[in-house]
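Let's take a friendly look around a protein model. Have the 3D view open and follow along.

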Amino acid sequence: MPVWCCRCSLAGHFRTYSGTETEGQLLNSFVQYFGDSLGRKIKRMPLIEETVLPGDSLLTLPVVIIGNGPSGICLSYLLSGYRPYLSPEAIHPNPILHTKLEEARHLSIVDQDLEYLSEGLEGRSSNPVAVLFDTLLHPDADFGYDYPPVLHWKLEQHNYIPHIVLGKGPPGGAWHSMEGSMLTISFGDWMELPGLSFKEWAASKRRNIKSDRVMPEEIACYYKNYVKVMGLQKNFRDNVYITSVSRLYREKDDEGSSQQNEDISTQHLEMEDGQKSLIKRNWEVRGYQRATDGSHVPFCLFAENVALATGTFDSPGRLQVEGEDFPFVLHSMSDFGAAISKGKLRGKADPVLIVGAGLTAADAVLCAYNNNIPVVHVFRRRVTDTSLIFKQLPKKLYPEYHKVYHMMCTQSHTVDSNQHSAYTSFPEHNVLSFKPEMKCVLQSASGLKKILKFSVALVLIGSHPNLFFLKDQGHSIGHHSNQPITCKGNPIEIDPYTYECTKEANLFALGPLVGDNFVRFLKGGALGIARCLAIRQKKKHELIESGDGGGDGVP
């Protein structure tokens with residue numbers, strides 16, 4: 001299968017590249033070429049065979065970001081040279097933090113010691129830099145205050161680090177596929193990214209924002225527009241699907257010799273026994289871009305650093321029970337919404353079976369309830385379980401979710417009620433199987449089994465990231481080795497201040513992949529990565545200027 005390789009095809013394009021040309025100027029040329037080749041001039045793209053191992057040619061990107069949701073957008077913003085400074089008139093409500101900020105007021109936050117600044121801070125993230133950046137952008141937000149950010153932003157072109165952001169859809173990621181009729185759990189202000197107030201943006205677009213919480217459609221539109229307003233479009237490529245991210249290796253003995261054809265892919269490395277003295281080199285990123293005519297155009301990129309910003313909506317959680325693959329068993333709100341809009345559930349006598357006790361399951365209950373569709377709601381926990389999300393939400397701010405919780409408590413199957421009423425809950429029940437005649441076998445905590453008939457089943461028990469493009473699906477880089485990566489149970493293990501994977505150098509992760517599910521906190525990952533890469537970029541330039549090299553991007 002032929003595949004386009006930026007390293008080989010760009011060799012001729014950049015034949016006049018000289019050491020005096022800046023990396024930023026080089027990437028500008030690359031971006032223009034990349035965009036033309038994968039866009040309007042797609043048929044003229046030079047091809048090589050996928051089996052050919054490319055030599056080390058003239059261009060390796062400093063950073064490739066996989067994922068174009070808020071995590072990837074925020075990281076691109078900082079890598080593009082935007083720098084946060086303490087505002088002249090700002091006084092942070094935390095006096096200790098404010099004193100620290102005053103000590104280096106002349107420096108941007110990116111250029112300061114993040115460990116020192118975040119020491120002693122507490123918040124709703126386990127990552128200290130996430131807590132730090134959040135309190136700078138939303139001081140004392142968890143205490144109900146609406147203080148303005150203590151930061152102002154400057155665009156410093158010399159701090160630009162060449163990068164490219166690859167995403168399956170338009171900028172905004174999974175926000176474009178979320179159910180549009182529900183309100184976000186977070187306030188609109190908490191969903192905004194640095195440098196562009198959500199409220200001011202909404203006002204400029206004449207959008208009528210009726211409450212502090214907004215619809216996902218508004219947030220998705222904001223993220224997409226943010227990329228344009230901030231001038232980040234040149235760094236983004238849409239309709240791109242990653243199929244492989246792997247290390248390149250080279251023989252240690254040949255480190256000082258010509259690099260032509262010395263790269264060894266991880267596949268070849270695993271196939272050949274007795275491979276000697278190999279050291280890790282740059283990353284090889286393979287995938288394809290879906291063209292407007294639906295065809296797939298393969299590509300191959302090379303990068304010194306890779307940042308994972310894929311989020312966790314790739315793979316919906318499954319019960320792993322018999323019959324779960326039947327077409328009437330759904331696993332997403334979008335599929336459920338589509339079934340309702342197409343009228344597939346209109347006039348059905350049997351209820352919808354909803355499995356799960358999180359907010360997405362609650363959204364499904366509300367959606368069915370508002371469309372006069374009866375619901376049977378099954379979940380494993382007790383209604384008094386203190387870890388239920390409803391117990392963490394103020395009633396005044398989230399009345400609709402507390403309405404669902406009230407029904408979960410008061411309209412249980414154990415209470416005297418007609419099981420064919422609008423809503424019936426089955427706390428402390430597990431699904432054992434789904435039957436082809438649209439029946440479900442439940443089992444209670446006491447072991448009692450019950451069979452229910454339904455019109456459609458909706459399993460909403462969370463979602464997991466799909467890192468199939470990494471070796472062993474990324475199982476080796478989690479806190480618990482050889483286990484799937486999950487947001488809560490097994491996030492990617494990172495350095496808390498640089499967000500670099502502790503088990504894989506030059507691989508970074510941020511957002512839900514490291515446990516930061518809220519947009520408020522994923523911005524801290526972008527800050528940590530930007531600082532780390534800025535330091536390394538500076539050291540690399542110093543090495544180049546001193547004549548000591550610095551060509552591979554691996555410290």
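## A covered strand

Strand β14 (residues 352-355) is covered on both faces: Val352 and Ile354 are buried on one side, Leu353 and Val355 on the other. Buried means under 20% relative accessible area, with a 1.4 Å probe and protein chains only. Strands here are DSSP E runs of at least two residues, and helices are H or I runs of at least four, numbered from the N terminus. In a regular strand, side chains alternate between the two faces of the sheet.

This is a predicted model, where local features need pLDDT of at least 70, side-chain atom pairs count only at pLDDT 80 or more, and totals for chains, interfaces and linings use all residues. Residues are numbered from 1 along each chain as its sequence is written, and side-chain values use heavy atoms, leaving out hydrogens and water.

## Its neighbours

Which strands pair with β14? Strand β15 (residues 375-378) does, in the parallel sense over four bridges, and so does strand β20 (residues 456-459), also parallel with four bridges. Pairing takes at least two DSSP bridges between the strands. Leucine 353 has valine 376 of β15 as its bridge partner, while isoleucine 354 has leucine 458 of β20.

## Rings in pairs

Now for the rings: there are twelve aromatic pairs (Phe, Tyr or Trp rings, using the six-membered ring of Trp, with centres within 6.5 Å; planes under 30 degrees apart are stacked, over 60 edge-to-face, the rest tilted). Tyrosine 241 and tyrosine 288 are stacked because their ring centres are 5.2 Å apart and their planes sit at 10°. Both tyrosine 241 and tyrosine 288 are buried.

Technical notes: Buried < 20%, exposed > 50% of the residue type's maximum accessible area, 1.4 Å probe, protein only.
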